[in-house]
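Okay, quick one from me today.

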Protein chains: 6
Amino acid sequence: MPFVSIRITREGNTVEQKAQVIREVTDTLQRVLGKPPHLTHIVIEEVDTDNWGYAGQTTTEFRRQSAENKA
Amino acid sequence: MPFVSIRITREGNTVEQKAQVIREVTDTLQRVLGKPPHLTHIVIEEVDTDNWGYAGQTTTEFRRQSAENKA
Amino acid sequence: MPFVSIRITREGNTVEQKAQVIREVTDTLQRVLGKPPHLTHIVIEEVDTDNWGYAGQTTTEFRRQSAENKA
Amino acid sequence: MPFVSIRITREGNTVEQKAQVIREVTDTLQRVLGKPPHLTHIVIEEVDTDNWGYAGQTTTEFRRQSAENKA
Amino acid sequence: MPFVSIRITREGNTVEQKAQVIREVTDTLQRVLGKPPHLTHIVIEEVDTDNWGYAGQTTTEFRRQSAENKA
Amino acid sequence: MPFVSIRITREGNTVEQKAQVIREVTDTLQRVLGKPPHLTHIVIEEVDTDNWGYAGQTTTEFRRQSAENKA
C-alpha cells in the first residue's frame, strides 16, 4: 500500500515527464518491494520557486545566482 | 493535537463539501480519541489529475479509460 | 483517490480506536465526496510528545503544566 | 539532512516574508542541530482558507466570525 | 530540488530493498526531469499495519481476511 | 494557522535541542508572519539513516563514506 509524495519545483515539467515518473516509480515499487500497482498512489506536488528554500535562500534567488555565475 | 492532511483530486469539490468533511473529521477525532476541536487542524490538498498517479498512470488517463470502458 | 494522513500524539491510542477512525473517515469521504473505499488510504502517524510542539513548547511540557494547573 | 514543510494559509504572505522564514529556519537548524544549509530544504505550502479547517470549520468562516466579534 | 516521501507498510522490508528503491527513484528523477542527485532527498516512512487504513479497515485486518480467503 | 513538519535523521537529537527548535520556529512564524503561537503546531519526525536517501544512497552509507574519506 504505498503512497508516494514527490515535491519538485514548478519549472516547466510536462505532462509526459510527470506520467513517466509515475510509471517508473510504480514499477520500482512493484519490482523491488512486490507492491501491486492498483494499491500504489503517487502525487507530484509542484512548488513555486519562491516557496522552496535551499541553503537558506529561495530557489528563485538560487537560480538567479547560478545564472550569474555562469555568465 | 491532531493535524490531518487530506489529499484528493481537484475535480469540482465544492466549498460546502469541503466544509462538511472538515466538520465530520473533527467530530470523529473528538468523539473517538477525545481530541478537542480547537487543537484540530485539517488541510484539504487538491491535486490536479495530471499529478496524481494511480496504478502506474495519471488519473487524467485513468478517468479517460474508465469513460471509454463505460461507453 | 484520497490519501489521508492523521498525525496525533502517541498517548495510548488503542487498535480499536484507530480502526474506528479509519472506518469513519473512509465513510465521510465516500458519503460527502463520492470517493470509493478501495481507493482511500489513511495513515495514522503517532508522534512522541517530545516531538510535537504546540504554542512554542513540547507537548510533554504542555501536558505537565496543564496537570499542575489542575492540581 | 533536514526537510521542512511549512503549511500556512494563503493570505498575502510576501516574497520577502517567505525568504526571511526560510533564512531563519535554516539558521535555527544549523545552530541548534548542526545541520549544514546545503542539505536543508524548506517548502512553504500556502493553503486556501476554504481548504484549512480549524475547530471544525473552514478558516474562511473562522475569519468571518472573528471579524464580526470585533465589530 | 526534489523531496520524495515514500510511505509503505512495515512488513519486513530489508535494508537492501530500501537502498535499491532510493537508487532507482533518484535515477528516475535525474533521467526524466534532470534533477541532480545531490539535491534529491528520499525518505521511506514505514507504517505499522494497525495504522494503515485501506478500504475502511486496518491493513492488519485486510491481510488477515486475504489469508483466510486463500485458505 | 501554521503546521510545520521537520524531518531530520535520528542521530542523537536531545529533548533540549528539539524543544529549542520548536521554540525558535514558533517565534519566527510569529515575528515574521504574525502567526499566534496557540495556532502553531510543529512536528519533528526523526528518520532512521537506513530510510533517508541522499544522492542515490542511504544516509547510513553516506555517513560511512564520509568517515572513510576523513580517515
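So, how many aromatic pairs does a search of the whole structure find over all chains? It finds 15, where rings of Phe, Tyr and Trp (its six-membered ring) pair if their centres lie within 6.5 Å, with planes under 30 degrees apart called stacked, over 60 edge-to-face and the rest tilted.

Take Phe3(B) and Phe3(F): that pair is stacked, at 3.7 Å centre to centre and 0 degrees between the planes. Phe3(B) sits in strand 1 (residues 3-9) of chain B and Phe3(F) in strand 1 (residues 3-9) of chain F, so the pair joins two chains; strands are DSSP runs of E, at least two residues, numbered from the N terminus. Phe3(B) is buried at 1% relative accessible area, and Phe3(F) is buried at 1% too (buried is under 20%, exposed over 50%, partly exposed in between, with a 1.4 Å probe and protein chains only).

Before I go on, this is a predicted model: local features need pLDDT of at least 70, side-chain atom pairs count only at pLDDT 80 or more, and totals for chains, interfaces and linings use all residues. Residues are numbered from 1 along each chain as its sequence is written, chains are lettered from A and ligands numbered from 1 in the order written, and side-chain values use heavy atoms, leaving out hydrogens and water.

There's also a cluster: ring pairs link Phe3(A), Trp52(B), Phe3(C) and Trp52(E).

Now the annotated spot. UniProt's unreviewed entry puts "active site" on Pro2(A), and such annotations may be inferred rather than shown by experiment. Pro2(A) is buried, at 0%.

How values were computed:
Helix = DSSP H or I, 4+ residues; strand = E, 2+ residues; numbered from the N terminus.
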